[in-house]
Amino acid sequence: MIIDCHGHYTTAPAGHDAFRKAQVAHFNDRSLPAAVYPTISDDELRESVEANQLRLLRERGADMTIFSPRASTMAHHIGDEQVSAEWTRRCNDLIARVVQLYPDQFIGVCQLPQSPGVPIAHSVAELERCVNELGFVGCNLNPDPSGGHWDGLPLTDRSWYPFFEKMVELDVPAMVHVSGSCNANFHATGAHYLNADTTAFMQFLQGDLFRDFPELRFIIPHGGGAVPYHWGRFRGLADMLGKPPLAEHVMKNVYFDTCVYHQPGIDLLFEVIDIDNILFGSEMVGAVRGIDPQTGHFFDDTRRYVDALGLSEGDRHKVFEGNARRVYPRLDAQLKARGL
């Protein structure tokens, strides 16, 4: 089985996006009518994924996608806590409906109702709802709900602990994933996302979070940002800061995906990072959707890069399936319940 750990609903029906525009417009100008969520039929949902994610899943030879709301439109910096909570619930409910229609191909991961300056503890209830009621297996956690200003506290600060306690209780991981950028210095997918990946790793390195939460698990997407490329720098910084070696200090709890869109990058990732810490992911129909003129294949067809590595069968199993089932135990339990 091939499990893609990184999929977003980037092709949601137009009515869903129109609701968001109306919601934000009403927040900014209360003279405008309040947004009313439209009726979205099952046929609209089928059309939105069958021509896109589901088609590519089949064409590229994968079996299942861990599916979450579109990251760039989480937009925790827009509106207030109430706006974020309503939008988040709508997004998560839509993911749940897609999973109900295609339970063999999609499994849910939730967005959180984060908002700048609002305690992360306020997101616990939505995580519980999504896991316990909707059957989701994880969440996307935004380390910078300000949208590029980074005016909050690092992930290792104790203010995050109530949420981490709930993650451990529910036995779910979080993908560290920012949303859109409102800072003109940082292009969302080309700079802000990769900055956040690298920043989160450095925060973990500087702190002692996993001493307090040895069972906490995070996936840092996009191949870990700059981390594998600068692995020597991070090992050196750990030593200078008096921290244990990275393998002990961070990498028992942190995993990277394969959303790296060229062969040399994948080669480097697998050369530097232990095979047990790599999960297959593609983020298809995501940040980079075009065809690479050097290869003639889509940039985000990441299975091609992994296949080209010539891994042993045991290592292929880890990357394509085993590691995901270990990092997402609720996914593993659901698959076992189906005899898989």
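Two residues are in contact when heavy atoms of each lie within 4.5 Å. Keep that cut-off in mind, because contact here means heavy atoms within that distance. The model is predicted.

Start with glutamate 321. This residue is found in helix H13. Leave aside residues up to four places away in sequence, and glutamate 321 touches Met1, Ile3 and Arg316. The side chain of glutamate 321 reaches the backbone nitrogen of methionine 1 at 3.3 Å. Is glutamate 321 buried or exposed? Its relative accessible area is 11%, so glutamate 321 is buried. The cut-off for buried is under 20%.

Now follow isoleucine 3 into the strands. Strand E1 covers residues 3–9. It is mostly covered, with 7 of its 7 residues buried. Which strand does E1 pair with? E1 is joined by 5 bridges to strand E2, residues 64–69, and the two run parallel. Two pairs show how they line up. Isoleucine 3 stands opposite methionine 64 in E2. Glycine 7 has phenylalanine 67 of E2 as its bridge partner.

Strand E2 is mostly covered too: 6 of its 6 residues are buried. From E2, move on to strand E3, residues 106–108. The two strands run parallel, and 3 bridges join them. In one of these pairings, threonine 65 has phenylalanine 106 in E3 as its bridge partner. Between the strands comes helix H4, residues 81–101. Together, E2, H4 and E3 make a right-handed β-α-β unit.

Next, look at charge. Side chains of opposite charge can pair when their charged atoms come close. How many salt bridges does a search of the whole structure find? The search finds 20. Here are some of them.

Take aspartate 276 and lysine 318. Their side chains meet in a salt bridge, with 2.9 Å from N to O. Aspartate 276 lies in the loop between helix H11 (263–272) and strand E8 (278–279), and lysine 318 lies in helix H13 (residues 313–327), so the pair ties together parts that are 42 residues apart in sequence. Aspartate 276 has a relative accessible area of 28%, so this residue is partly exposed. Lysine 318 is partly exposed as well, because its relative accessible area is 29%.

Aspartate 212 and arginine 211 form another pair. Their side chains meet in a salt bridge at 4.0 Å, N to O. How accessible are the two partners? Aspartate 212 counts as partly exposed because its relative accessibility is 36%. Arginine 211 has a relative accessibility of 63%, so arginine 211 counts as exposed.

Then turn to aspartate 301 and arginine 304. Their side chains meet in a salt bridge at 2.8 Å, N to O. Aspartate 301 is buried, because its relative accessible area is 10%. Arginine 304 is partly exposed, with a relative accessible area of 41%.

Salt bridges can also share partners. That is how Glu321, Arg325, Asp332 and Lys336 are joined into one network.

Definitions and conventions
Residues are numbered from 1 along each chain as its sequence is written. This is a predicted model: local features need pLDDT of at least 70, side-chain atom pairs count only at pLDDT 80 or more; totals for chains, interfaces and linings use all residues. Side-chain values use heavy atoms; hydrogens and water are left out. Buried means under 20% relative accessible area, exposed over 50%, partly exposed in between (1.4 Å probe, protein chains only). Helices (H or I, at least four residues) and strands (E, at least two) are DSSP runs, numbered from the N terminus. A polar contact is a pair of N or O atoms within 3.5 Å; within protein, one must be able to donate a hydrogen and the other to accept it, and residues adjacent in sequence count only if both atoms are side-chain atoms. Two strands pair if DSSP finds at least two bridges between them. A crossover is right-handed if, with the strands pointing away from the viewer, the path from the first strand over the helix to the second runs clockwise.
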